[in-house]
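I opened my notebook to look up a few things in this structure. My plan is to go from the whole chain to single residues.

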Amino acid sequence: SPIGLAGEGAMSRLANLSLTRKVQFGLLAIAVVLTLLVPVVADPFIIRLATLALVSALFAMSIDLMAGYAGLVTLGHAGVLGSAMYGVGYVASKTDGGIALQITVGFIVGMIMAAIFGVMAMRSTGVYFIMITIAQGMIIWGLASLLVNITGAENGLLGIRRPLTFTEDVRFYFLVLGVFAVCAVLLLIVVRSPFGQALKGLRESESRMRMLGHNTAFLKFYMFIVSGFFASIAGILLVYLNEFVSPSDVILGASAIPVLMAILGGIGTLIGPVIGAFVIVFLRNWVSLELERWPTLMGLIFILVVLFAREGLVGAVAGWWYRNVDKSGRPTPAPSVLGSDHTESV
């Protein structure tokens, strides 16, 4: 029967997969099971940490699309995240708008800010691109600190409430997990599309891309739009998680930490920012309860990564696997923003 033939074909394809690919599928299955079991085996504090890690991972993935795949490091992307948060917060605290209006306004404000950022930085490269994005983030921080009637300044915006169905932390965790899964699939499609390949070409050589007929300025603008799309979603989830927004959500550190998450896990890969996000979130919020000198531990981890695993934890594990288990070949390392030698991603 057609169903039987389809099943046999699927089994045949599975049998023909390499050992490494089978292990990857196995690890993915384990990760899915663990994320589903978190609400069952963990206490409320761990559930909130896992939710925060998922939101942080989504934001770090949006930055990695620029820093890892396009080779353009941004240190002001929290401006997009924070704009979406303030859009939700303003409607929730200053008007009688419902959840649908809050999400719509937050998403529109975030996308408008991403477009403005894109126009400002689309013709810059290298260190000038970094400097412009820093200035962008500082502008949003300045506006958030000065516009008292709109943003609440240092007092922030209160009165933000989650949808009634997701007021419980467990239910909100599953909502975030579902949104994260959908966004991860969309990002996978993006990086494997012709647009994603063009971003890699931009990372390797912008001048060569121009010689091939690509408008690199508009390519950067589209990159901001796509990255801002996922950053805005992360901002909407984050403001409902915290039920509060303040200028501290758009400071320089709020943009720098997701970059560090991507570098720690493996920049230029989709799984790297996820691993880095979970490591850093749990170090900052869980280990800090037990260890007073936790920043020293986090700094030591980054030093070890820079010295011995320039491709991040994903690159280090992949390299060990190919050297010691699967002798068929070595993976190409993920691109590094720590130096100028950009290479293909894992």
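**Entry 1: the whole chain.** I began with a term: two residues are in contact when heavy atoms of theirs lie within 4.5 Å. I then took the contacts in the protein chain with a separation of 6 or more, and found that residues 24 or more positions apart account for 73% of them. I note that I am working with a predicted model. I looked up the secondary structure and found 15 helices and zero strands. The chain has 346 residues, and 45% of them count as buried. I also looked up the surface. The chain exposes about 17100 Å², with 69% supplied by carbon and sulfur atoms.

**Entry 2: the core.** Which residues touch the most other members of the largest nonpolar core? I found Leu-58 and Met-223, in a core of 82 residues. Helix H3, residues 44-69, gives the most to this core, namely 17 residues. I then listed the contacts of Leu-58, leaving aside its neighbours within four places in sequence. They are Phe-180, Cys-183, Phe-230, Ile-233, Ala-234 and Leu-237.

**Entry 3: a chain of charges.** I searched the whole structure for salt bridges and got six. I followed some of them one by one. Arg-48 pairs with Asp-169, and their closest N and O atoms are 3.4 Å apart. Arg-48 lies in helix H3 and Asp-169 in helix H8 (residues 169-192), so this pair ties together parts that are 121 residues apart in sequence. Arg-48 has a relative accessible area of 32%, so I wrote it down as partly exposed. Asp-169 has 24% and is partly exposed as well.

Asp-169 also forms a salt bridge with Arg-162, where the closest N and O atoms are 3.0 Å apart. Is Arg-162 buried or exposed? Arg-162 counts as buried because its relative accessibility is 6%, and the cut-off for buried is under 20%.

From Arg-162 I went on to Glu-243. Their side chains meet in a salt bridge at 3.9 Å, N to O. Glu-243 sits in the loop between helix H11 (216-242) and helix H12 (252-265), and Arg-162 in the loop between helix H7 (148-151) and H8, so the pair ties together parts that are 81 residues apart in sequence. Glu-243 is partly exposed, at 28% relative accessibility. My note for this entry: Arg-48, Arg-162, Asp-169 and Glu-243 are linked in a network of salt bridges.

**Entry 4: a nonpolar patch.** One patch covers about 890 Å², and its residues include Tyr-90, Ile-108, Met-120, Leu-143 and Ile-150. Helix H5 (99-121) and helix H6 (126-146) each supply at least two residues of the patch. H5 has the largest share, with four residues. I picked Ile-108, which lies in H5. Ile-108 counts as partly exposed because its relative accessibility is 43%.

**Entry 5: a loop serine.** I then turned to the loop between H5 and H6, where Ser-124 has its place. What does the side chain of Ser-124 reach? I found the backbone oxygen of Ala-121, at 2.8 Å. Ser-124 counts as buried, since its relative accessibility is 8%. Leaving aside neighbours within four places in sequence, I found Ser-124 in contact with Phe-129, Ile-132 and Lys-220.

Technical notes. Residues are numbered from 1 along each chain as its sequence is written. This is a predicted model: local features need pLDDT of at least 70, side-chain atom pairs count only at pLDDT 80 or more; totals for chains, interfaces and linings use all residues. Side-chain values use heavy atoms; hydrogens and water are left out. A nonpolar core is a set of buried Ala, Val, Leu, Ile, Met, Phe, Trp, Tyr and Cys residues joined through side-chain atoms within 4.5 Å. Buried means under 20% relative accessible area, exposed over 50%, partly exposed in between (1.4 Å probe, protein chains only). Patches are made of residues with over 30% relative accessible area and no salt bridge: like charges are joined within 9 Å, nonpolar side chains (Val, Leu, Ile, Met, Phe, Trp, Tyr) within 5 Å. Accessible areas come from the Shrake-Rupley method with a 1.4 Å probe; for residues, only the protein chains shown count as cover. A salt bridge is a side-chain nitrogen of Lys or Arg within 4 Å of a carboxyl oxygen of Asp or Glu. A polar contact is a pair of N or O atoms within 3.5 Å; within protein, one must be able to donate a hydrogen and the other to accept it, and residues adjacent in sequence count only if both atoms are side-chain atoms.
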